[in-house]
Amino acid sequence: MTISVRKAAATAVTAVLGAALAGCGGGAASDAGREARMGTPAASASGPATASPQNGAPASPQAGASQAASPQAGAPAKAPTLAPGPNGLTPVFERAKQQTDKTVALTFDADMTSDQGPRAADGEHFDNPQLISTLRTLKVPSTVFMTGRWAEEYPDQAKSIGTDPNFEIANHSYSHHAFKSPCYGLPALDGAAARADVDRAFAAFRQAGAVNTVPYFRFPGGCYDDQALRALSTAKVTAVQWDVVSGDAFAKDPDAVAEQVLAGVKPGSVVVMHCTRSAAPVTEEAIRKIVPELRKRGYRFVKVSELIGK
């Protein structure tokens with residue numbers, strides 16, 4: 001999504017609603033943070049994820065040391081992660097390093113802020129069960145970046161998604177508050193609160209009964225800097241951004257969403273979309289156009305964990 005489109009999305013809704021889904025559009029990273037991107041996967045086929053030296057990161061005896069997922073994360077041991085970035089910063093993944101294989105990961109943000117319970121009680125739908133059903137029908141492996149608050153509001157759906165081998169659940173924070181300020185008007189968390197927010201989301205997934213969770217994290221709003229990456233360094237997660245913005249947030253035209261995705265996808269791409277009916281109402285319809293066309297072009301759909309493991 002271009003800067004102008006992001007600004008248009010941010011001004012098209014109220015501050016609270018816009019902040020809830022503005023993550024769709026982008027996010028600024030510092031130079032050091034950018035160096036943490038596109039690292040070497042540190043997958044382990046039979047045990048805790050282990051780290052290997054990351055491209056562009058200074059070599060050190062510790063670079064290949066075991067990097068187990070946080071015990072609080074509840075993440076499967078086989079989920080690959082990236083080695084830490086410079087100075088131990090949380091690594092950031094945007095697109096598969098291996099860019100010749102025609103694979104693509106569709107990711108869906110299940111957004112809900114910590115204070116939107118009254119709106120849900122009044123009938124606003126922050127879920128999208130039809131989208132999940134369509135992904136199942138089309139047999140599209142997908143990664144859902146879920147907030148803890150969403151899992152609490154829709155525990156049955158969180159469990160259904162999180163026990164279906166077609167999906168994996170990644171962390172999108174508990175509260176959907178910003179980890180860097182300014183960020184689309186989102187309230188900001190300091191380092192300690194940010195780390196606790198991540199743990200609280202993983203706990204919400206476990207409480208709902210989701211087991212297919214992975215040690216990946218997506219910053220609300222896509223906004224992060226070195227301080228945010230440092231705050232999450234002890235969580236042993238890989239931050240996952242994207243290289244293709246679908247533009248589905250607040251969109252009314254599914255054809256436009258589909259065209260934007262189809263124009264942007266390249267081998268190894270990560271596409272950001274949404275699993276929230278109230279603020280992304282045409283996503284399911286767009287998916288029914290995107291999936292067959294990409295398959296026609298020779299693409300294979302994979303979860304983020306498969307892209308990181310390449």
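**A disulfide and a helix pair**

C183 and C223 are joined by a disulfide, with an S to S distance of 2.2 Å; the term covers a pair of cysteine sulfur atoms within 2.5 Å. The model is a predicted one, in which local features need pLDDT of at least 70 and side-chain atom pairs count only at pLDDT 80 or more, while totals for chains, interfaces and linings use all residues. Residues are numbered from 1 along each chain as its sequence is written, and side-chain values use heavy atoms, with hydrogens and water left out.

A search of the whole structure finds one disulfide. C183 sits in the loop between β4 (167-171) and α8 (191-208), and C223 in the loop between β5 (213-217) and α9 (226-231), so the bond ties together parts that are 40 residues apart in sequence. Helices (H or I, at least four residues) and strands (E, at least two) are DSSP runs numbered from the N terminus. The disulfide is right-handed because the torsion about the S-S bond of C183 and C223 is about 80°. Both C183 and C223 are buried, meaning under 20% relative accessible area with a 1.4 Å probe, protein chains only. C275 also counts as buried, because its relative accessibility is 1%.

Turning to the helices, the axes of α10 (residues 254-264) and α11 (residues 283-296) come within 8 Å and cross at roughly 35°. These axes are lines fitted to C-alpha atoms over the stretch in contact, with angles running from 0 to 180 degrees between N-to-C directions. In α10, P254, D255, V257, A258, V261 and L262 meet E285, A286, K289, I290, E293 and L294 of α11, where contact means heavy atoms within 4.5 Å.

How values were computed. Buried < 20%, exposed > 50% of the residue type's maximum accessible area, 1.4 Å probe, protein only.
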